[in-house]
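Keep the structure open beside you as you read.

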Amino acid sequence: MEPGSPRGLTHIQKSHILRDYIAEELNLAARDIMEEMERTMAGYEERTAGLKQELEEQRRQLEYLHPESSADHTRKRPRSQMWEHFELIGPNRLQCLLCPQQLSYNNNTSSMMRHFKAKHDGILETDYDKKQELDQALVNLVVKDSQPCSIVEDQGFRDFVKKLDPSYALPSKQALKKMVDDRYQEEKAGAQAQLRGAEGVSLTADLWTSVDARLAVACHYVLDNSKLATVLLGVLPFPQNHSPAEVADAQRTLMAEWGLEGKVKCLVSDATPSMVAAADDLAVPHVECIAHALNGVVRRALDKTAGLKVLRRRAGEVVAVFRSSAAAKEKLRIKQLKLALPATKLVREDSSRWTSTFLMLQSLLDARRAIGSALTTLGAKVQPLSCDESETSAACLQVLKPFYTATVEMSEQKRVLGSMGIPLVKMLLLATEEVAEDSDNVTAELLGQNLSMGLRREFDGLEDNPVLSLATLLDPRFKTIGFRCQEKAQNAVQTLTAECAALVRSAQDRSAESPARPTSTAFNLWKSLDDQATMVRTHSNATADATLEVQRYMTDPPLERSEDPLVYWNEHKNIYPHLFSLAKRHLCIPASSVPFERVFSKAGEVFSRKRNRLSPKAAEKILLLNKNI
């Protein structure tokens with residue numbers, strides 16, 4: 001065999017060739033394995049980076065929603081009060097927020113407490129008081145401005161608070177809800193304590209049926225310091241189709257909850273049948289809101305006055321030209337400026353409010369020159385009011401002016417005493433008759449007659465109402481001069497004297513109570529006659545004392561109308577003690593429920609888009625606090 005042929009290879013040569021071949025295969029396999037490992041590691045790193053990014057995004061979202069629960073360096077931030085003054089700057093390092101010093105951290109607050117006691121002693125108590133004040137201010141913000149409790153989670157609000165006071169830790173939404181509830185319980189307990197000491201109260205009630213039916217009830221009473229107070233008893237969800245019995249049951253439930261049984265002197269509301277029937281069911285006198293009654297009187301008189309129908313329609317057409325076109329509105333403004341007239345807006349009539357009719361005619365009359373010029377420039381088909389129509393408007397406005405003044409006065413006052421009802425109607429009748437008699441305009445004269453007849457028809461029995469007549473007598477601004485009919489005034493004086501005598505007898509009975517003396521077993525022939533004589537003497541003395549107290553009060557000169565009658569009674573409570581007690585029972589009666597009805601305007605704010613899931617009870621708490629703080 002030839003040496004160069006494969007067959008001629010030695011055993012050693014074959015071993016070397018095999019070794020080289022295996023080594024080459026192993027190198028190729030190793031490279032394949034390394035490439036596969038590199039690809040696997042690259043995929044793993046890519047997935048890890050994606051996971052890290054996702055976790056970081058979740059952490060940022062959590063910190064955004066709940067900053068108080070986030071922690072630096074994966075360490076949960078404790079809830080100790082100390083953390084309001086320290087910040088973690090490393091896994092085991094703390095920075096004092098009141099000084100430059102840094103401390104070590106070993107999973108407890110011992111180092112913080114030692115540092116605080118040594119460097120900042122006395123600050124903790126002050127900061128606690130400050131936090132309490134800020135917490136209560138936050139509750140006031142939620143209640144007064146109808147803000148949702150979730151405002152503490154709004155990043156913009158959080159940033160704003162941090163700028164104002166970095167040391168203040170905002171409470172969580174749930175904690176804020178509890179703070180609101182605690183305030184409600186505190187206010188309610190305080191009001192209930194006041195009501196327990198009240199000698200008499202009155203209620204106002206109204207039903208809100210525009211969206212979700214709700215019944216709101218408020219209580220009015222006089223405090224021991226002779227200040228008038230009002231508390232919202234409740235705002236209850238109600239079915240749209242409700243019966244008077246359901247209205248009465250709801251009010252009865254609230255009266256029991258607040259401990260008012262036997263103390264309610266009257267219920268003031270509009271004259272809807274359900275409210276009147278509910279008052280009868282409760283065996284409580286019903287007093288119609290004078291503002292609602294006046295609104296009905298004037299609206300009916302306006303509709304009944306034939307000459308005003310055409311005038312109101314014409315006025316509405318002129319107003320519509322400028323209210324429906326921005327160009328026409330701007331043209332009117334320019335004309336008003338050129339004529340040196342106030343740039344007032346024209347008012348559109350609203351059929352539900354007669355005051356809008358008054359303001360519409362007044363605005364047209366004030367701007368009549370500018371309106372005529374603007375309509376001519378615009379080439380409008382609608383003609384301005386003629387001279388006769390303007391004269392009729394002016395004459396009718398004079399007739400309506402007393403009613404407008406009375407309505408504005410009642411709506412602007414926070415509370416209108418029921419004692420104003422009888423004198424107000426008296427003065428409206430006098431003013432209407434005087435203006436109508438002096439007017440030479442036929443339409444205005446007819447309007448005055450319709451108003452006068454409407455007043456007499458609506459308020460014919462007002463002076464016979466014992467609730468309002470006694471309130472008028474006990475108002476030192478009015479007394480008997482507030483009545484149109486002096487015979488009815490004297491009847492009210494007799495009623496007042498009888499109630500005063502009952503209080504005198506009650507006081508005498510209490511003072512006469514003494515430990516029972518041993519009864520004699522001996523026969524007394526004159527016992528029955530003696531007991532009767534004692535009773536007559538006691539009754540006679542009580543009547544005489546009451547008559548004297550009432551007469552002395554009546555002979556005192558009346559107060560100025562601008563003065564507060566409750567201040568007078570606080571100053572004279574020792575001079576007229578029994579009348580003072582009666583005044584606290586009767587001067588808590590409001591003449592109008594209109595100021596109280598503003599609770600429904602506030603209810604619209606409470607049930608906002610951000611609070612559309614607010615429970616009825618939570619809404620009631622917010623509304624009660626809003627009206628009471």
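1. Let's begin with the salt bridges: a search of the whole structure turns up 19 of them. Bear in mind that this is a predicted model. As a reminder, side chains of opposite charge can pair when their charged atoms come close.

2. Lys130 counts as partly exposed because its relative accessibility is 39%, whereas Asp165, at 13%, counts as buried.

3. Helix H3 also holds a local pair. Asp135 forms a salt bridge with Lys131, with 3.7 Å between the closest N and O atoms. Both lie in H3, 4 residues apart, which is about one turn of the helix. Asp135 has 8% relative accessibility, so it counts as buried.

4. Glu458 is partly exposed at 28% relative accessibility, and Arg300 is partly exposed at 49%. Elsewhere, salt bridges with shared partners join Glu199, Lys584 and Arg585 into one network.

5. While you're at H8 (residues 290-304), check its length: its 15 residues reach 21 Å from first C-alpha to last, close to the 21 Å expected. Its buried residues include Ile290, Leu294, Val298 and Leu302.

6. Now for charge on the surface. Glu434, Glu437, Asp438 and Glu445 make up a negative patch, to which helix H14 (residues 421-438) gives the most, with 3 residues. Glu445 is in helix H15 (residues 442-458) and is partly exposed at 34% relative accessibility. A positive patch is formed by Arg323, Lys329, Lys345 and Arg348. Of these, Arg323 lies in helix H9 (residues 306-323) and is partly exposed at 38%.

7. Asn107 is not a glycine, yet has a positive phi of about 65°; look for Asn107 in the loop between strand S3 (102-104) and helix H2 (110-119). Lys479, also not a glycine, has a positive phi near 50° and is found in the loop between helix H16 (466-473) and helix H17 (486-512). Are these residues buried or exposed? Asn107 is exposed, at 58% relative accessible area, while Lys479 is buried, at 5%.

Conventions
Residues are numbered from 1 along each chain as its sequence is written. This is a predicted model: local features need pLDDT of at least 70, side-chain atom pairs count only at pLDDT 80 or more; totals for chains, interfaces and linings use all residues. Side-chain values use heavy atoms; hydrogens and water are left out. Patches are made of residues with over 30% relative accessible area and no salt bridge: like charges are joined within 9 Å, nonpolar side chains (Val, Leu, Ile, Met, Phe, Trp, Tyr) within 5 Å. Accessible areas come from the Shrake-Rupley method with a 1.4 Å probe; for residues, only the protein chains shown count as cover. A salt bridge is a side-chain nitrogen of Lys or Arg within 4 Å of a carboxyl oxygen of Asp or Glu. Lys and Arg count as positive and Asp and Glu as negative; His and the chain ends are not counted. The place of a charge is taken as NZ of Lys, CZ of Arg, CG of Asp or CD of Glu. Helices (H or I, at least four residues) and strands (E, at least two) are DSSP runs, numbered from the N terminus. Buried means under 20% relative accessible area, exposed over 50%, partly exposed in between (1.4 Å probe, protein chains only). The expected span of a helix is 1.5 Å times one less than its number of residues.
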